[in-house]
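Subject: Structure handover

Hello,

Here is the structure you are taking over. Please open it first, then read the notes below it.

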Amino acid sequence: MPEPDQSTLARRKDIIAAMRDIVPNEGGVIVDEDRLRPYECDGLMAYRQLPMIVVLPENTGQVAAILKYCHTHKIRVVPRGAGTGLSGGALPMADAITISMMKFNRVLDIDWDNRAVVVQPGVTNLGITRAVEHKGFYYAPDPSSQIACSIGGNIAENSGGVHSLKYGLTTNNVLGVEMVTIEGEILRIGGKGLDQSGYDLLGVITGSEGLLGIVTEVTVRILRKPETARALLLGFNSSEEGGNCVARIIADGIIPGGLEMMDAPAIKATEDFVHAGYPLDVEALLLVELDGPKVEVDYLIERVGAIAGECGAVYSRISESEDERLLFWSGRKNAFPAIGRISPDYICMDGTIPRRRLAEVLTGMQVLSQRHGLRVANVFHAGDGNLHPLIMFDANQSGELERAEAFGADILKLCVEVGGVLSGEHGIGVEKRDLMPEMFTEDDMKHQERLKLAFDEDELLNPGKVFPTLHGCGELKTLHAREVANKFPDIPRF
């Protein structure tokens, strides 16, 4: 991480006073060490750092004033949502203001005609569905942390979930945002319309990991709840057979609402924790959900069952009620805490591969497990190739954290080698930052940096994340967006 700026630390009292002027609300500025402690990390708890101070604004005007002050006085800023991220994207810095957005927690508007909801970024993912489910609607992206994770954090990391195969990631379900730049300028990008003119700035912002600005309002698309949804549990004697079944289902033109896979260690840990009725005598378990009109679902269940039989399935169970379907999913959604019951610590990785290489990568992970001397359980979104290997270790044992990090790095390198990518939904953060050269050339990364610097030329927003080394504007010979506006005043602005 970048070295703390000593001149900023020397001004800490003045900065605290300025923040209290901007955010006078009780508890709006946190400075005591004990109260700062909950903000020292996100879900990647292997890395910790106390923030200089934490500020909890309550409205967009306060966010704009904070960022304008930080830009004027060259103070670093770390945006933070619910803190459930798994890549260290909200890791604080000793000389930075951590801005927590969790007081932005209101649903502002539900537009049934346009099937859109406007919310503040601190609203939980599941909170959006709960706000609209009484009229038969829901918000499709559903990461396993949806009960706690915030929609603002979902945008920062472009979060997915078990139903993203059919209904898309966050980027496919967000229609517009209000965002504050580091200069304190308030931008509105997108809206309730189906399409917007000009550059796809909404696509740029979604997944930008807090490097471009702070989102203060979000407009999302809501969908009608399917008429029928049923789930199948399919067991196989090998991960290869399970992986082949995944490929066959998709190749047959069937796009399930969800298509998940777990290996034997994950199955056992989850069943011991949730008691979802998972079979314990199989090496791989597929959870396939089919949704839509009842006649279509009934037909597709037969088709998937036949494909599974052809692929060697030794276990098959179909949900016969809504409660049973939810029970099947409760196991999958509690897989991460289930692993936490059997291991003092674990790292949840996040890489994405082509589906046809699934069996090969799973075999490769077992080889790496033996090489590094650490256990691994696999839970993943098999339909879109998004893997979540859970590397188990004990941080109290000397060297195990370092071995777990090396194991994780080797898994991600394997993903890239077979044509995949470093992240499917957790983001790069600090966890995968130093692996970026495995996937991108130096020129690739410089182009990404130019975009970052167009929004934040002084590198004040979430420094130390995503890029192993960040060059300055002069090194990249680029113009800041404001300079472009001054140089070409006739070009329409967004």
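Which residues of β3 lie on one side and which on the other, and are they buried or exposed? Arg76, Val78 and Arg80 are on one side of β3, Val77 and Pro79 are on the other, and all of them are buried, which leaves both faces covered. Buried here stands for under 20% relative accessible area, exposed for over 50%, and partly exposed for what falls in between, with a 1.4 Å probe and protein chains only. In a regular strand, side chains alternate between the two faces of the sheet.

Some ground rules before the rest. This is a predicted model, in which local features need pLDDT of at least 70 and side-chain atom pairs count only at pLDDT 80 or more, while totals for chains, interfaces and linings use all residues. Residues are numbered from 1 along each chain as its sequence is written, and side-chain values use heavy atoms, with hydrogens and water left out. Helices (H or I, at least four residues) and strands (E, at least two) are DSSP runs numbered from the N terminus.

The sheet with β3

β3 belongs to an open sheet of 4 strands with mixed pairing, in the order β1-β2-β4-β3. Strands count as paired if DSSP finds at least two bridges between them. β1 (29-30) and β3 (76-80) are the edge strands; each has a single partner strand, so one side of each has no neighbour in the sheet. β3 and β4 run parallel and are joined by 5 bridges, with Thr98 in β4 as the bridge partner of Val78. Val29 has Val55 in β2 as its bridge partner.

Two helices go with this sheet. Helix α2 (residues 12-22) lies across β1, β2 and β4 (96-100), at about 10 degrees to β2. Helix α4 (residues 60-73) packs on the sheet and touches β2, β3 and β4, and its direction makes about 165 degrees with that of β4. Axes are lines fitted to C-alpha atoms, for helices over the stretch in contact, and angles run from 0 to 180 degrees between N-to-C directions. Contact means heavy atoms within 4.5 Å.

Strand β10

Strand β10 (residues 214-221) has 7 of its 8 residues buried, so the rest of the structure largely encloses it. Strand β6 (residues 116-119) pairs with β10 in the antiparallel sense over 4 bridges, and Val118 stands opposite Thr219 there. Strand β8 (residues 174-180) also pairs with β10 in the antiparallel sense, over 6 bridges. Met179 has Val215 as its bridge partner in β10.

Two helix residues

Leu368 sits in helix α14 (residues 358-372) and is buried at 8% relative accessibility. Setting aside neighbours within four places in sequence, Leu368 is in contact with Phe407, Asp410 and Ile411. Ile411 is 43 residues from Leu368 in sequence, and 7.7 Å away from C-alpha to C-alpha.

Glu324, in helix α12 (residues 322-333), is buried with a relative accessible area of 17%. Not counting residues up to four places away in sequence, Glu324 touches Arg317, Ile318 and Ser319.

Cysteines

The structure holds 0 disulfides, a disulfide being a pair of cysteine sulfur atoms within 2.5 Å. The closest cysteine sulfur to that of Cys245 is in Cys311, 4.4 Å away, which is too far for a bond. Cys348 is in no disulfide either, with the nearest cysteine sulfur, that of Cys415, 12 Å away. Cys245 is buried at a relative accessible area of 0%, and Cys348 is buried at 4% relative accessibility.

Regards
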